Amino acid sequence: MMNIRVVGDQIGVEVSGVDVKSISDEDFAKIYQAWIDHNVLVVTGQELTIPEFLAYSRRFGIIKPHPSKSTRHPDYPDITLLGVNKFGPDGKLNETIYRRGAEGWHTDGAYEKIPFKATQLYALAIPDRGGDTYFASGYEAYEALPQRLKDQLEGVVGAFTYGTPGLLNPEDEDWKPALHPIIRTHRESGRKSLYFDRLKIVCLQGLEKTVSDDLIADLKERMIQPYGQYVHKWSVGDIVIWDNRCSYHKAAGDYPPEQDRIHWRVSIKDWDAASVPN
Ligand code: OGA
Ligand code: MN
């Protein structure tokens, strides 16, 4: 029987006792609502092929191939492989692959005109220690802002660019920043969240450079609220989906590199993004 259990105070909910290959529309509606309410949704104990993982992922929106072409699955461009080809031909650890997602707190896809609504990972191999994923609530970050900052940031737009060196092919690296409001109202929950990414933000538009730089430095300190966090300890067969519109995450980046930590990953956009090219 389906069981839905809240696992974090502000963020994180876990579903067990389901097979995502055959969830009824009625049960899926409950799962989807639990995700909207808790921002990070874990489904445990799944055995999936790639087409099955893709079919389940499409219940959340439209899958878009990730701009990092070198880490796409060779046969399924919708799938990004995490932790694959970690060692180069010379036997040296490829830090870009090993540390992907561990550069700091971030939200995925802020560099696109329509950012990823969600990112979903399915765990195929997990090290025996380390390798957790950390999550934090963007709603809590907004709530915790002093009123003067809430007022100052209302209507302010940030410019975001591609953050991680080494993942894009050289011909794709000339990235044009995308513009998004820093205070973001979630289409489905109606709640306001701080939409910020310390790795990708270039500037706050329309503000003097010193003012923009100072605000960015200030927001870096304010984006993570300790009580708004959830840490996921992975098991093989876990599916975790997070809402990039209202949460931040980072990989711990601390597991023994000689061990495997492998996920299938999809980037999911909202349904209305179908006709927008990035
Ligand atoms: C990502 C990411 C975190 C992890 O895939 O976008 O940040 O723990 N992953 O692998
Ligand atoms: Mn990420």
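So, the donor residues of the manganese ion, ligand 2, are spaced H-x1-D-x140-H in sequence. They are His106 through NE2, Asp108 through OD and His249 through NE2, at 2.1 to 2.2 Å. A donor here is an N, O or S atom within 2.8 Å of the metal, or 3.2 Å for Na, K and Ca, and since water is not among the atoms, sites may look incomplete. Aspartate 108 lies in the loop between helix 3 (95-98) and strand 6, and histidine 249 in strand 15 (residues 247-251), so this pair ties together parts that are 141 residues apart in sequence. Helices (H or I, at least four residues) and strands (E, at least two) are DSSP runs, numbered from the N terminus.

Before I go on, this is a predicted model: local features need pLDDT of at least 70, side-chain atom pairs count only at pLDDT 80 or more, and totals for chains, interfaces and linings use all residues. Residues are numbered from 1 along each chain as its sequence is written, chains are lettered from A and ligands numbered from 1 in the order in which they are written, and side-chain values use heavy atoms, with hydrogens and water left out.

Buried means under 20% relative accessible area, exposed over 50%, partly exposed in between, with a 1.4 Å probe and protein chains only.

Strand 15 takes us to a sheet. It's an open one of three strands, order 13-7-15, with antiparallel pairing; strands pair if DSSP finds at least two bridges between them. Strand 13 (229-232) and strand 15 are the edges, each pairing on one side only. Five bridges join strand 7 (residues 133-137) to strand 15, and threonine 133 stands opposite alanine 251.

There's another open antiparallel sheet, also of three strands, in the order 9-8-12. Strand 9 (178-181) and strand 12 (201-204) each have a single partner strand, so one side of each is left without a neighbour in the sheet. Four bridges join strand 8 (residues 157-160) to strand 9, with alanine 159 partnered by leucine 179.

Now the inside. Nonpolar side chains tend to be buried together in soluble globular proteins. By nonpolar core I mean a set of buried Ala, Val, Leu, Ile, Met, Phe, Trp, Tyr and Cys residues joined through side-chain atoms within 4.5 Å. The largest has 30 residues, and Leu41, Tyr56 and Phe60 have the most contacts inside it. Helix 1 gives the largest share, six residues. Leaving aside neighbours within four places in sequence, tyrosine 56 is in contact (heavy atoms within 4.5 Å) with residues including Phe28, Leu41, Gln120 and Ile239. A second, separate core of 23 residues includes Ala110, Leu204, Met223 and Ile224.

Serine 212 is buried at 2%, and its side chain reaches the backbone nitrogen of leucine 204 at 3.0 Å.

Last one: where is isoleucine 11? It's in the loop between strand 1 (3-6) and strand 2, and buried, with a relative accessible area of 0%. Isoleucine 11 and aspartate 37 are 26 residues apart along the chain, and their C-alpha atoms are separated by 8.1 Å. Beyond four places in sequence, the contacts of isoleucine 11 include His38, Phe135, Tyr230 and Ser247.

How values were computed:
Polar contact = N/O pair within 3.5 Å; in protein donor to acceptor, adjacent residues only side chain to side chain.
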